[in-house]
Amino acid sequence: MGELIVIEGLDGAGKRTLTEAVTTQLRDAGLRIDSLAFPRYGRSVHADLAAEALHGAHGDLAASVNAMALLFALDRAQARDELTKLLADNDIVLLDRYVASNAAYNAARLDEQADGKIVGWIGELEYERFALPTPAVQVLLDVSPELAAERARKRGELDHSRALDAYERDGQLQQRTLAVYRELAQHNWYGPWWIFRSGDDPATLAARLADLITR
């Protein structure tokens, strides 16, 4: 059974780029590795409904914190069998976002901290009721909200399918979300967390992950 590794961070923080770099380096080192990104847009009706709501569809759906959290949680619950198979077939499975993103963004929407009710509810819902596997390590890509917002804006200009949604357009929400992420990391929410900053070398992270599975 492989190890589940999660990369978390704000929209535009560089999670996809880091995931691709680490994946390449671990494969070059001879490890079996695969990856999956959440939300699974285009593959999950729950993820697509959430995305549509964040772009103004479905009435007042996006206004409900619990409803949006549930949609993203159901996306992951639907992927549980896929995750189980990926873990059985690989040494490492890298996830671009997972349960902590649901906790961080929705706590930020409610102006709650990492010890608030919504974080506890999401953890219980996804890890206990939906029985999702817990990560071996969660890596917080700690990038300033200003830099992440600029990257997200440019990405949206180049790819209209990734136009900014309501969360990405809200700079204050992004700042609060990063604060909650940092608290989750500080408290090792559902397992150990590592911090990765934009100036850090992906090769260093890849080496740490390789060492993790060979202990």
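Let me begin with a term: a residue is called buried when its relative accessible area is under 20%, exposed when it is over 50%, and partly exposed in between, using a 1.4 Å probe and protein chains only. Helices (H or I, at least four residues) and strands (E, at least two) are DSSP runs, numbered from the N terminus.

This is a predicted model, in which local features need pLDDT of at least 70 and side-chain atom pairs count only at pLDDT 80 or more, while totals for chains, interfaces and linings use all residues. Residues are numbered from 1 along each chain as its sequence is written, and side-chain values use heavy atoms, with hydrogens and water left out.

I turn to helix α2. In this helix, residues 45-54, the buried residues are H46, A47, A50, A51, A53 and L54. Because they cover an arc of only 160 degrees around the axis, they lie on the same side of α2; the arc is that of the directions from the helix axis to the C-beta atoms. Among the elements covering them are α3 (65-78) and α8 (166-169), where contact means heavy atoms within 4.5 Å. At the N-terminal end, S44 caps α2, with a side-chain oxygen 3.2 Å from the backbone nitrogen of H46. Just after the helix, G56 adopts a positive phi of about 100 degrees.

Next, the nonpolar core, defined as a set of buried Ala, Val, Leu, Ile, Met, Phe, Trp, Tyr and Cys residues joined through side-chain atoms within 4.5 Å. The largest one has 69 residues, of which I5, M68, L95, Y98, L184, W189 and L209 touch the most other members. Helix α5 (residues 99-109) contributes the most to this core, namely seven residues. Not counting residues up to four places away in sequence, L209 touches I5, V22, L26, I92, L94 and W194.

Two individual residues remain. V6 belongs to strand β1 (residues 3-8). Its relative accessibility is 0%, so V6 counts as buried. Beyond its neighbours within four places in sequence, V6 is in contact with L95, R97, Y98, P135, V137, Q138 and V139. V6 and E112, 106 residues apart in sequence, are 23 Å apart in space, C-alpha to C-alpha.

Where is N90 found? N90 sits in the loop between α4 (80-89) and β3 (92-96). Why does N90 count as buried? The reason is its relative accessibility of 10%. The side chain of N90 reaches the backbone oxygen of L86 at 2.9 Å. Leaving aside neighbours within four places in sequence, N90 is in contact with M1, G2, R32, I33 and D34.

Methods
A polar contact is a pair of N or O atoms within 3.5 Å; within protein, one must be able to donate a hydrogen and the other to accept it, and residues adjacent in sequence count only if both atoms are side-chain atoms.
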